[in-house]
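Subject: Structure handover

Hi,

Here is the structure I promised to pass on to you. Have a look at it first, and then read my notes below.

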Amino acid sequence: MKLDVDVLRYLSKDDFRVLTAVEMGMRNHELVPSELVVRIASLKHGGTYKVLKNLLKYKLLHHDSSKYDGFRLTYLGYDFLAIKTLVNRGVFVAVGRQIGVGKESDIFEVAKEDGTVLAMKLHRLGRTSFRAVKSKRDYLGHRNNYNWLYLSRLAALKEFAFMKALEEHGFPVPNAVDCNRHCVVMSLVQGYPLVQVKQLQNPDIVFETIIGLVVHLAEHGLIHCDFNEFNIMIDDDEKVTMIDFPQMVSVSHRNAQMYFDRDVECIFKFFSKRFNLSFQEHTDEIDGDTEEYDRPCFSSIEKCTGFLDKELSASGFTGKDQDEIEKFIEEGIEKDTGSEDEGMADEGPNSDEFDETNIKEFDSLQLLEQPERVNCDEKGKAEERQQFCEAGQSSGRETQDTSDKEEEANETGNEDDAELMHRLNKQRRRAVAAVHGRRKTLTSRNSYKDKGGKSSHNSKIQKQLSGW
Ligand code: ADP
Ligand code: MG
């Protein structure tokens, strides 16, 4: 999926405010009615409708009128919210080239202000290749759009939590830097996926290291569940790093033995084919004979469950999250059980409208409240970022100029939207009246409106934002 971060330069604080309003509305609605967006965004004089039009133009929102008139975030819109929040936090200042396409993710380089390059993984559950994709869609039913975003967020949180915990226990994994929504930022692994490696100096040592990792994980109570040549990185010194953790399960999972054996088998097969290591045929019995490499036996590993629980919950990943995501990410090994899945994750754990948890996600709105500013001081850095983003336009020059341009583009570009605009205008009049007349309570229950005052934090943010 193309991630054109240049568009970020043209998005105003109102654009982000409305985008976030749609995100919030999606906690309770598959499609968020425009009246609700208006209420949550609470822009003056019905300004939300103009913004909605702009967001549609950039494909950050999708409009659907099949059941009722409403909006939902696209993955691109979700990307932008996550990226903006992480930039806001100072995690990185620029997005670079795409370095990986996974089964359910896109991976990009991102750069910190000091030039350090990190990896950003954007989870995209539902994109392709679930083996049991049909039944998953069936279970998701009419809510599938919302749930893909929700599940992607859960996958990112899980990946982040596991990576952090594993790192703390000395496993060779990337350094988990930060996580927001469906996005995980981690250190960039210098190396290549094992699948790309044709020759090794010491295939035996690498093999033993890798199998040792599977066993070591089990001793820590975990099974990777997708442990193969695509998820093992190797550098020029043949140092191994494992990646990709959203599907990990506990050794107490009902299918633990099967997942463990499958991970082991993948590695044995790959090394046998690619590096001609010779192994005995797979057998369930350990006959203790003299073959060089016996497959490790799950039942004879001393396992310690709950070992990482503390670390995992410290990252905000709960047992409930694990249950929910586990129901979803089970690679079609078992037949899907349809009805069993039905009770799952109706709206995710945060379905109460405007509750405390919602407020947590408002950090993106803090950003919206920042006055935009042109930063001419850091020319050198800006140029560097410019290059990194492959940007054709100068950054930071927003406000009047840009919005005029946008208006022009809107007026010329979108004939398709004519009918929608007609309807939106009608709704706008109704909604403006509604907002003036009542429903004050909702906005007053939301503290986001008041966030983002002039704290010292803000000046830092402004600095970081100057590159966008
Ligand atoms: P998926 O879950 O979609 O399979 P992965 O986490 O396996 O995604 O990442 C896909 C590819 O992106 C990897 O095979 C690898 O080439 C690249 N990649 C992922 N994480 C990193 C990283 N931290 N550093 C460098 N490359 C990475
Ligand atoms: Mg992978």
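Let's start with the cysteines. The sulfur of cysteine 183 has its closest cysteine sulfur in cysteine 179, 7.4 Å away, which is too far for a bond. Keep in mind that this is a predicted model. A disulfide is a covalent bond between the sulfur atoms of two cysteines. To count as one here, the two sulfurs would have to be within 2.5 Å. Cysteine 179 is in no disulfide either, with the sulfur of cysteine 183 as its nearest cysteine sulfur. Both residues are tucked away: cysteine 183 is buried at a relative accessible area of 0%, and cysteine 179 is buried at 14%.

Next, the charged pairs. Side chains of opposite charge can pair when their charged atoms come close. The structure holds twelve salt bridges, and I'll walk you through some of them.

One of them joins aspartate 178 to arginine 89, with 3.0 Å between the closest N and O atoms. Aspartate 178 sits in strand β6 (residues 176–180), while arginine 89 is in the loop between α5 (75–88) and β3 (94–101), so this pair ties together parts that are 89 residues apart in sequence. Are the two partners buried or exposed? Aspartate 178 counts as buried at 16% relative accessibility, whereas arginine 89 is partly exposed, with a relative accessible area of 32%.

Another salt bridge runs between arginine 124 and aspartate 106, where the closest N and O atoms are 2.6 Å apart. Arginine 124 belongs to the loop between β5 (117–123) and α6 (133–140), and aspartate 106 to strand β4 (residues 105–111), so the pair links parts that are 18 residues apart in sequence. Both arginine 124 and aspartate 106 are buried. These two are also linked with Asp79 in a network of salt bridges.

Then there is aspartate 244, which forms a salt bridge with lysine 121 at 3.1 Å between the closest N and O atoms. Here the loop between β11 (240–242) and β12 (249–250) meets strand β5, so parts that are 123 residues apart in sequence are tied together. Aspartate 244 counts as buried at 16% relative accessibility, and lysine 121 does too, at 6%.

Aspartate 244 turns up again at the metal. Which residues coordinate the magnesium ion (ligand 2)? They are Asn231, through OD1, and Asp244, through OD, at 2.1 to 2.2 Å. Asparagine 231 lies in the loop between β9 (222–223) and β10 (232–234), and aspartate 244 in the loop between β11 and β12, so the pair connects parts that are 13 residues apart in sequence. Asparagine 231 is buried, with a relative accessible area of 6%.

Last stop: ligand 1. It is surrounded by 20 residues, the closest being Ser105, Lys121, Val189, Asn231 and Asp244. If you zoom in on the oxygen atoms of ligand 1, you'll find one 2.6 Å from an N or O atom in the side chain of serine 105. A polar side-chain atom of lysine 121 lies 2.7 Å from an oxygen atom of the ligand, and a polar backbone atom of lysine 103 is 2.9 Å from one. The protein covers 90% of the 550 Å² of accessible area that ligand 1 has on its own. The elements giving two or more residues to the shell around ligand 1 are β3, β4, β5 and β7 (183–187).

Cheers

Note on methods:
Residues numbered from 1 in each chain as written. Chains lettered and ligands numbered in written order. Predicted model: local features only at pLDDT ≥ 70, side-chain atom pairs only at ≥ 80, totals over all residues. Heavy atoms only, no water. Salt bridge = Lys/Arg side-chain N within 4 Å of Asp/Glu carboxyl O. Helix = DSSP H or I, 4+ residues; strand = E, 2+ residues; numbered from the N terminus. Buried < 20%, exposed > 50% of the residue type's maximum accessible area, 1.4 Å probe, protein only. Donors = N, O, S within 2.8 Å, 3.2 Å for Na, K, Ca; no water. Near = heavy atom within 4 Å. Polar contact = N/O pair within 3.5 Å; in protein donor to acceptor, adjacent residues only side chain to side chain. Areas by Shrake-Rupley, 256 points an atom, 1.4 Å probe, with all protein chains shown as cover.
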